[in-house]
Amino acid sequence: MFMDDCLDGTIPTGSRDAEIDKAVEAWHNIAGNTQPLNQFLGMTDLEYAIWAEQPNLLSDIIFARKKNKGICTKNHPNSNPKAIHTDYEVLRTTEDWEYGQMFDDCRCRVCGALFDIAH
Ligand SMILES: [Zn+2]
């Protein structure tokens with residue numbers, strides 16, 4: 001799957017754009033395919049929506065997944081990476097007892113998006 005191959009390094013950074021084009025073509029060529037393209041690629045609906053609109057953010061999308069960072073639905077022209085909320089306020093921190101993990105509920109100061117960061 002495209003995203004997994006990017007995350008584990010099977011697809012090197014420099015080949016991502018070419019490989020995603022090949023993956024999309026492969027998806028088109030599956031007879032009677034009912035699987036949505038984003039699932040075939042291993043992307044969430046949000047990741048796919050961002051990539052479809054701004055394919056130049058592919059590396060940011062993969063970086064965000066790797067680092068478990070909140071990903072932006074809007075481009076942040078002055079941030080690097082461009083698809084990640086880098087300027088945000090933490091609204092509150094909660095603990096998920098079941099998983100023993102802490103979550104920060106955050107709001108992006110640039111686009112206003114709400115997201116959480118697990119740590
Ligand atoms: Zn944002």
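**Note on the fold and its core**

1. Of the 19 residues in the largest nonpolar core, the ones touching the most other members are Ile-50, Ile-61, Ile-71 and Ala-83. A nonpolar core here is a set of buried Ala, Val, Leu, Ile, Met, Phe, Trp, Tyr and Cys residues joined through C-beta atoms within 7 Å. Two or more residues of this core come from each of helix H1 (2–7), helix H4 (45–53), helix H5 (58–67) and S2. A residue is buried if 20 or more other C-beta atoms lie within 10 Å of its own, exposed if 12 or fewer, and partly exposed in between, with C-beta atoms placed from the backbone.

2. The model is predicted: local features need pLDDT of at least 70, side-chain atom pairs count only at pLDDT 80 or more, and totals for chains, interfaces and linings use all residues. Residues are numbered from 1 along each chain as its sequence is written.

3. The protein chain has 5 helices and 3 strands, and along the sequence they follow the pattern α-α-α-α-α-β-β-β. Helices (H or I, at least four residues) and strands (E, at least two) are DSSP runs, numbered from the N terminus. The C-alpha atoms fill a box of roughly 50 × 35 × 25 Å, taken along the principal axes. Of the 119 residues, 19% count as buried.

4. In H5, the buried residues are Asp-60, Ile-61, Ile-62 and Ala-64. They pack against H1 and H4. Just after H5, Asn-68 has a positive phi of about 55°.

5. Ala-83 deserves a separate look. Leaving aside neighbours within four places in sequence, Ala-83 is in contact with Ile-50, Leu-57, Asp-60, Ile-61, Ala-64, Ile-71 and Cys-72. Two residues are in contact if their C-beta atoms, placed from the backbone, lie within 7 Å. In the protein chain, 32% of the contacts with a separation of 6 or more are between residues 24 or more positions apart.

6. The 3 strands form an open sheet in the order S1-S2-S3, with antiparallel pairing. Its edge strands, S1 (88–96) and S3 (114–118), each pair on one side only. Neighbouring strands are turned by 25° against each other on average, direction ignored. Axes are lines fitted to C-alpha atoms, for helices over the stretch in contact, and angles run from 0 to 180 degrees between N-to-C directions.

7. S1 and strand S2 (residues 101–108) run antiparallel and are joined by 8 bridges; two strands pair if DSSP finds at least two bridges between them. Thr-94 stands opposite Phe-103 in S2.
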